[in-house]
Amino acid sequence: MSKTIIVSNRLPVKISKTDDEYVLSPSEGGLATGLGSIYKQGDNVWIGWPGIEITDQHDKDQISHQLKDLSLIPVFLDQEEINQYYEGFSNEVLWPVFHYYASTYATYKQSNWDYYITVNQKFRDIILSVAEPGDIIWIHDYQLLLLPGLVRNELPDVSIGFFLHIPFPSHEMFRLIPWRSELLEGMLGADLIGFHTFDDVRHFLGATTRILPVTSSSNIITMDERSIVIESFPMGIDEKKYATLPLQDDVKEQIELIRNNFKGNKLILSIDRLDYSKGILQRLQAFELMLQLCPDCIEKIALYMIVVPSRDTVPQYAHLRDEIDKKVGNINSIYRTMDWTPIHYYYRSFPIEMLSALYYTADVCLVTPMRDGMNLVSKEYVASRINDDGVLIMSEMAGSSKELIDAIIVNPNNTGEVCRAILQAIHMPLEEQQRRMKPMRQLVAKFNITHWVKIFMDRLKEVKLMQRSMQARHVSFATEQSIINRYIKTKKRIIFLDYDGTLVNFKSEIELASPDKELYAIINKLIEDPANQVVLISGRKHENLDDWFDNMDMYLIAEHGSWFKKHNTSWHKISGLSDQWKHDIYPILETYVDRTPGSFIEEKTYSLVWHYRKAQNGLGELRASELMNNLKYLASDKGLQLLAGDKVLEVKNMDINKGKAALTLTEGKDYDFIIAFGDDYTDEDIFKALPDSAITIKVGSNLSAAKFYLRNPIEVRRLLTSFTKHTPVEAV
């Protein structure tokens, strides 16, 4: 039976030492709750760091033994690794850059990066010690970005999912990291990469296609012929737990205490971990502004603010804590009265029962981070509102704002807007509160943590099946031998070869893609066999093909079938075609050349081609899409076809297509071996036109009507070379 291996920086337990004994207590985190249903089943395991440094080997053995009973496997880190990998690279490079604080807080130290690699390798080694064929590995978060790639290198066929729990920044921000390519390559070791929001998906696709030599189509990235799916999976919470907590007796007691303490006051709740990305100071400014602008609110509202301690030994966090202390003290000293304090501030963590009582009691929950991957406090508040009342104020910069659209959504940088939102919330009629809260509660209930785990794991299985179906179509060694055997046994063959992208790689200058000695040698060898009719069928101008292949005994078809010639004859073009339409289309293409630096127009007899291989990445695709929309009605009126190829958009007469050209050469002939190679949209016409017995091969692993695919021109040449080894001796 296959098993699931969950991997995260921290294990879902807290470990503390009392006397000589290590005590384990379960973690309260959302991830631990959600994945509990997985790692406690069967042979499944969770791999992670125990959270403290353990140096003594006897202690390590003792802890490993205790953890094994809980299906947990520790990765032990020494203090230097913790300092450099976790405190250093993870929290001083990735955290600030991914939260858009690169210029303020990011520091790029080579030693931090070196330790980041070392620790990711440590995690890999632990995975390899337990992983077996057929296992599923689910890796979590920014501390382990290199891990999917490291595991993939050792276990090429294993199923790997990766989920990032913090935002993914735009390309402009991400590219500041000196080791950006290595991080992306590491992530692309996964089969499925998950983010909280679609914005993160877009940012990741943008960064990857600009920084790495990979292609993407929709939300699928192709790298080393492997398709990697990038999708958003908004994380949920254990909704049932939060909905039932207020019904417990101990929570009810806390609710009564809170109500007695804040009699007659509207209670505003704010809960955060200490971090510069949470917008705590900006929130306090908005609250202060509200007290200034609304004197009637004094003695009628109270802000209950919890800040959970985090990394306060780090100078910037200690400074933030001091600034919060000062700001709270300042506001309280100005506005406090004998019977009332505006802000009740607690710098500590609270048990879940107390949090539940606060969620249930607070009239308003204020969640205004400057940037947050998801923010589960908002969902916990909603789940706790079992009477469908209360108001959620939500930062548009938090992932959950994309789902909880019935909250009051604010820009956390706009102090006036946050202030007005608080006033709106405390004066909101019950009817409107319920109208907003009901749909949010339904959403949080449906898209809970169990749902999140299920849809991610289901999608991972689908992706693996999709990859395997692609592998089944790839010309593997066995398939290649079968094709060669057919080739050897046949006596009358026709071989259709496309040129650019099939026999040679694309070049930024179209004139540079001329044939090399190896290609000439392969084609000459194929031609030498009298059983072979070789046909070069290309979108290139006939002048190009003439310059390169005129003296070779093969059939040349140029410009998708509008020009053709046999060996030792002159070129002929299809009769009855008009090129008058160019007068209308050319000026439109010219405007796009003017607007898109790096693009140019190539004119052929019956087609015009707009090339954008040298245009800025992304801009070319955008303009090509615009141009397609601009031309589609005009093209259909004039009997033209629009073909979107690899970094080109071609406009041509509809009557010209490679499929028709191929049929004129095969119809009525008794070929017993037909094979066609092509790499783009125009070659699909050949694949569809040829009989079922034909072998059709797409170059590149995109969707195609072809029966098989090869990865690149190198593989095409290798297969053709295999054919040439079976040329009869008497033919030479």
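**Sheet, cores and helix packing in a predicted model**

Strand S18 (residues 493-497) and strand S27 (residues 673-678) run parallel and are joined by 5 bridges. Within this pairing, leucine 497 has phenylalanine 677 of S27 as its bridge partner. The structure described here is a predicted model.

The next topic is the nonpolar interior. In soluble globular proteins, nonpolar side chains tend to be buried together. In this model the largest nonpolar core has 101 residues, and those with the most contacts inside it are Val7, Phe98, Phe168, Leu183, Ile193, Phe204 and Met305. The element that gives the most to this core is helix H3 (residues 79-98), with 8 residues. Beyond its neighbours within four places in sequence, phenylalanine 98 is in contact with Leu145, Leu164, Ile166, Pro167, Phe168, Pro169, Phe174, Ile177 and Arg371. Another core, of 66 residues, lies apart from the largest one and includes Met235, Ile306, Leu358 and Ala398.

Helices also pack against one another. Two packed helices are described by the angle between their axes and the distance between the axes. For helix H8 (residues 180-187) and helix H9 (residues 198-211), the angle is about 115° and the axes are 10 Å apart. H8 passes H9 in a left-handed crossing. From H8, the contact is made by Arg180, Ser181, Leu184 and Met187; from H9, by Phe204, Ala207, Thr208 and Ile211. Sorted by class, this contact between H8 and H9 has 5 nonpolar, 2 polar and 1 charged residues.

Asparagine 332 has its place in helix H13 (residues 315-335). Is asparagine 332 buried or exposed? Because its relative accessibility is 6%, and buried means under 20%, asparagine 332 counts as buried. Leaving out residues up to four places away in sequence, asparagine 332 touches Thr341, Pro342 and Ile343.

Methods
Residues are numbered from 1 along each chain as its sequence is written. This is a predicted model: local features need pLDDT of at least 70, side-chain atom pairs count only at pLDDT 80 or more; totals for chains, interfaces and linings use all residues. Side-chain values use heavy atoms; hydrogens and water are left out. A nonpolar core is a set of buried Ala, Val, Leu, Ile, Met, Phe, Trp, Tyr and Cys residues joined through side-chain atoms within 4.5 Å. Buried means under 20% relative accessible area, exposed over 50%, partly exposed in between (1.4 Å probe, protein chains only). Helices (H or I, at least four residues) and strands (E, at least two) are DSSP runs, numbered from the N terminus. Contact means heavy atoms within 4.5 Å. Two strands pair if DSSP finds at least two bridges between them. Axes are lines fitted to C-alpha atoms, for helices over the stretch in contact, and angles run from 0 to 180 degrees between N-to-C directions. A crossing is left-handed if the near helix is turned anticlockwise from the far one by less than a right angle, and right-handed if clockwise. Ala, Val, Leu, Ile, Met, Phe, Trp, Tyr, Cys and Pro count as nonpolar, Asp, Glu, Lys and Arg as charged, and the others, Gly among them, as polar.
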